[in-house]
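Welcome! Here is a short briefing to read beside the sequence and the 3D view.

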Amino acid sequence: MKHISKYTFSLLIVLLSFLGQAQVTTKKDSIPPKKERYGVRFGVDLFKLSRSFYEKDYTGLEVVGDYRLTRKHYLAAEIGNENKTVDDDRLNFTTQGTYVKIGFDYNTYENWLDMENMIYVGLRYGVSSFSQTLNSYEIYNPNPYFGEAPVIEPGTKFSGLSAQWLEVVIGIKAKLFNNVYAGFSFRMNRLFSQKRPDNFDNLYIPGFNRTYNGNFGVGFNYTISYFLPLYKATVKAKEKEVKKKKK
């Protein structure tokens, strides 16, 4: 009987150890893998929208959007319309037109838990189609004895103008509450193609803003956007991280 009880006791210990190990394995297996949301985010530029109310010589609207391709990469686009009157020392002109920008963003921010914020860099290709109307101007002729400068009739409209440029983008997007995001971005622009009017220049281009030294420009926007989730994808551990854990 003693031998039987000892055998039974040993068997119970072995069974309990197996059960404990099975429970630990079950708990490990029950932890769900981390999943991240993928979808479309769309919104408006609040700066251009509000500027249309407080600046009498400006009206504009820009719609923004992005689509998440991978954990770090996003397709991005902006579509807008601007009507801007510029009153300088010697001329007054109005620029009106539309523009489209397409490109990508790369998120450099490492989110943790369920955060979906962005600190990103990106690139855009911009195209604008617009017209310029010369409202009034004064001719500056430093050498009046060598003939008069060519005259442009005030109110002359130059249509069919266009421009193309590249933008380097640096920005942030932060989640305010469920699916709603606020953002800010700074742009550095470089013109590489434009169609100019005769005896006049493109001093303001919709989507590009003022031109400085002929081909360079800067811009920024404040956005509010809504995220529409389409699906979730499991986050896969990188091979390097797995190897480090094994070591």
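Which residues form one aromatic cluster? They are Phe-47, Phe-184, Phe-220 and Tyr-222. This is a predicted model, in which local features need pLDDT of at least 70 and side-chain atom pairs count only at pLDDT 80 or more, while totals for chains, interfaces and linings use all residues. Residues are numbered from 1 along each chain as its sequence is written, and side-chain values use heavy atoms, with hydrogens and water left out.

**Rings and charges**

- A search of the whole structure finds nine aromatic pairs (rings of Phe, Tyr and Trp, the last by its six-membered ring, with centres within 6.5 Å; planes under 30 degrees apart count as stacked, over 60 as edge-to-face and the rest as tilted).
- Phe-47 and Phe-220 make a tilted pair, 4.9 Å centre to centre with 45° between the planes.
- Phe-47 belongs to helix α2 (residues 46–54) and Phe-220 to strand β10, so their pair ties together parts 173 residues apart in sequence. Helices (H or I, at least four residues) and strands (E, at least two) are DSSP runs, numbered from the N terminus.
- Phe-220 is partly exposed, at 35% relative accessible area (buried is under 20%, exposed over 50%, partly exposed in between, with a 1.4 Å probe and protein chains only).
- Arg-68 lies over the face of Tyr-38, 4.6 Å from the ring centre, and the charged end of Arg-190 sits over the ring of Phe-216, 5.0 Å from its centre. A charge sits over a ring if NZ of Lys or CZ of Arg is within 6 Å of the ring centre and within 35 degrees of the ring normal.

**Strand pairing**

- β5 and β6 pair in the antiparallel sense over 16 bridges (strands pair if DSSP finds at least two bridges between them); Tyr-120 has Gly-171 in β6 as its bridge partner.
- β6 and β7 also run antiparallel, joined by 15 bridges, and Val-168 has Met-188 in β7 as its bridge partner.
- A hairpin is formed by β6 and β7, with two residues between them, and Asn-179 in the turn has a positive phi of about 70°.

- The whole structure holds two cavities of 30 Å³ or more. On a 1 Å grid over the protein atoms alone, a cavity is a set of points where a 1.4 Å probe fits but cannot get out, a pocket is an open set with protein on both sides within 12 Å along at least five of seven lines, and lining residues have an atom within 4 Å of a point.
- The largest cavity has a volume of about 140 Å³ (the space filled by probe spheres set on the points, which are joined across faces, edges and corners).
- Of the 20 residues lining the largest cavity, Val-64, Glu-78, Tyr-120, Lys-173 and Thr-223 are closest to its centre.
- β7 gives the most to that lining, with four residues.
- The second largest cavity, of about 80 Å³, has a lining that includes Lys-48, Glu-62, Arg-187 and Phe-220; β10 gives the most to this lining, with three residues.

**The open pocket**

- The largest pocket has about 350 Å³ of space.
- Its lining has 22 residues, with Glu-36, Arg-37, Arg-68, Met-115 and Glu-116 nearest the centre.
- β1 gives the most to the lining of the largest pocket, with four residues.
- The residues of this pocket lining divide into six nonpolar, three polar and 13 charged (Ala, Val, Leu, Ile, Met, Phe, Trp, Tyr, Cys and Pro count as nonpolar, Asp, Glu, Lys and Arg as charged, and the others, Gly among them, as polar).
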